[in-house]
Amino acid sequence: MSIKALGRLAALPALVLLGGCNMVVMSPSGDIAVQQRDLIVVSTILMLLIIVPVIALTLFFAWKYRQSNKDAPYEPDWHHSTQLEVVIWSAPLVIIIALGALTWISTHTLDPYRPLERIDSERTVAADVKPLTVEVVALDWKWLFLYPEQGIATVNELAAPVDVPIQFKITSATVMNSFFVPALAGQIYAMAGMETKLHAVINKPGEYEGFSANYSGAGFSGMRFAFHGLAAGDFDAWVQKVKSGGGSLSREEYLALERPSEREPVRHYGTVAPDLYGAILNMCVDRSKMCMNEMMSIDSRGGGGMAGIDNVIALNHDKDVRRGAGPVRSYVAAICTTDGDMADSRPPEGILFSRRTEQPLRVE
């Protein structure tokens, strides 16, 4: 067998691997993903304007000035050419300026937190159009989608109407994950106790794949979901189907759902507990726990008025005890009020409330 034939056989495995590639990133169905695709293409072309000539000239020089080529000019005293220096430095400089301008513009126009200004390259978002809000929660190892305006929730299934802006609010109930629907937009991280956002739109009906793009443990490979791009009427029908055929997602049901499980089937919930997403975000679905926003409210006010002084002093407790100073006086470590905004509710001076009993506690 000839060397050429062996070379062709060696290339077959590479062709087989390439045959399994999914080119959805380069052929997306959402306007944000299309703009990101265009950014990749333009950036690649700009860089190739330098890379291709450099590689070509490297090969050319290696061939032209090879040792066996006695006709190549030999000029050992040559050391400088102004014209050549101008070409060598000006061309990369122009490319860098172009890439910098492109990056600066796209960083602002494709900011995932920025509401959409257009549906596609030919249509802008009308002033009276209201985005569809979807609250996304990454669990071990499944995705929970809450539709606050529709009052429904789904597990491992996402749907949205075509040509309608979508506002995703994304968090995690566990370790960090990454929400990614390649046909829709780029990946956005989901982190516990934090909220990230993504604004996007799907322009073509169809079923697309979504998944986590950040390794999160044993069930990571099965953490996938279907994203349905539907016509307006079909989306309304889908919502009614979820409402009529789904169960109820109470706080207790959510706590059971939150437990780690792999390759969960699609689930529908026709009703959802009020402000469930807010409780997930603030890590207090279990009512015995204090919410993070309550903690931050306490901290922002020094611990709740005069009682906050004792809270601050108590931070030195371990140090003082080790030095033989004795224990500090007792203090209240947490505040809870009845339902309402902590920022608008200040307890009476010297009185704090227990979250679990809602009874006033006396500050010693």
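Colleague: Which strands does α4 lie across, and at about what angle does it run to β6?

Modeller: Helix α4 lies across β6 and β12 (224-230), and it runs at about 140° to β6. Helices (H or I, at least four residues) and strands (E, at least two) are DSSP runs numbered from the N terminus, while axes are lines fitted to C-alpha atoms, for helices over the stretch in contact, with angles from 0 to 180 degrees between N-to-C directions. Contact itself means heavy atoms within 4.5 Å. This is a predicted model, in which local features need pLDDT of at least 70 and side-chain atom pairs count only at pLDDT 80 or more, whereas totals for chains, interfaces and linings use all residues. Residues are numbered from 1 along each chain as its sequence is written, and side-chain values use heavy atoms, with hydrogens and water left out.

Colleague: What sheet has β6 and β12 in its order?

Modeller: That is an open sheet of five strands, ordered β6-β12-β11-β8-β9, with mixed pairing, where two strands pair if DSSP finds at least two bridges between them. Because β6 (157-161) and β9 (188-190) each have a single partner strand, they stand at the edges and one side of each is left without a neighbour in the sheet. From one strand to the next the twist averages 25°.

Colleague: And β8 with β11, parallel or antiparallel?

Modeller: Strands β8 (residues 177-180) and β11 (residues 206-212) run antiparallel and are joined by two bridges, with F179 having S212 of β11 as its bridge partner.

Colleague: OK, the other sheet: what is the strand order there?

Modeller: Seven strands form an open sheet in the order β10-β7-β3-β4-β5-β14-β13, again with mixed pairing. Its edge strands, each pairing on one side only, are β10 (196-200) and β13 (247-249), and the twist averages 30° from one strand to the next. Helix α4 (residues 232-245) packs on this sheet too, touching β3 (132-139), β4 (142-147), β5 (152-155), β13 and β14, and its direction makes about 85° with that of β5.

Colleague: How do β13 and β14 pair?

Modeller: They pair in the parallel sense over three bridges, and L249 has V272 in β14 as its bridge partner.

Colleague: Is β4 mostly covered or mostly open?

Modeller: Strand β4 is mostly covered, with six of its six residues buried, buried meaning under 20% relative accessible area with a 1.4 Å probe on protein chains only. In a regular strand the side chains alternate between the two faces of the sheet. Here K142, L144 and L146 on one side and W143, F145 and Y147 on the other are all buried.

Colleague: How many bridges link β4 to β3, and how many to β5?

Modeller: β3 and β4 pair antiparallel over five bridges, with E135 opposite L146, and a hairpin of two residues joins them. Four bridges join β4 to β5, also antiparallel, and the hairpin between them has four residues between the strands, where G151 takes a positive phi near 75°.

Colleague: Changing topic, which helix gives the largest share of the lining of the second largest pocket?

Modeller: That is α2, with six residues. The lining divides into 14 nonpolar residues, no polar and one charged, counting Ala, Val, Leu, Ile, Met, Phe, Trp, Tyr, Cys and Pro as nonpolar, Asp, Glu, Lys and Arg as charged, and the others, Gly among them, as polar.

Note on methods. Buried < 20%, exposed > 50% of the residue type's maximum accessible area, 1.4 Å probe, protein only.
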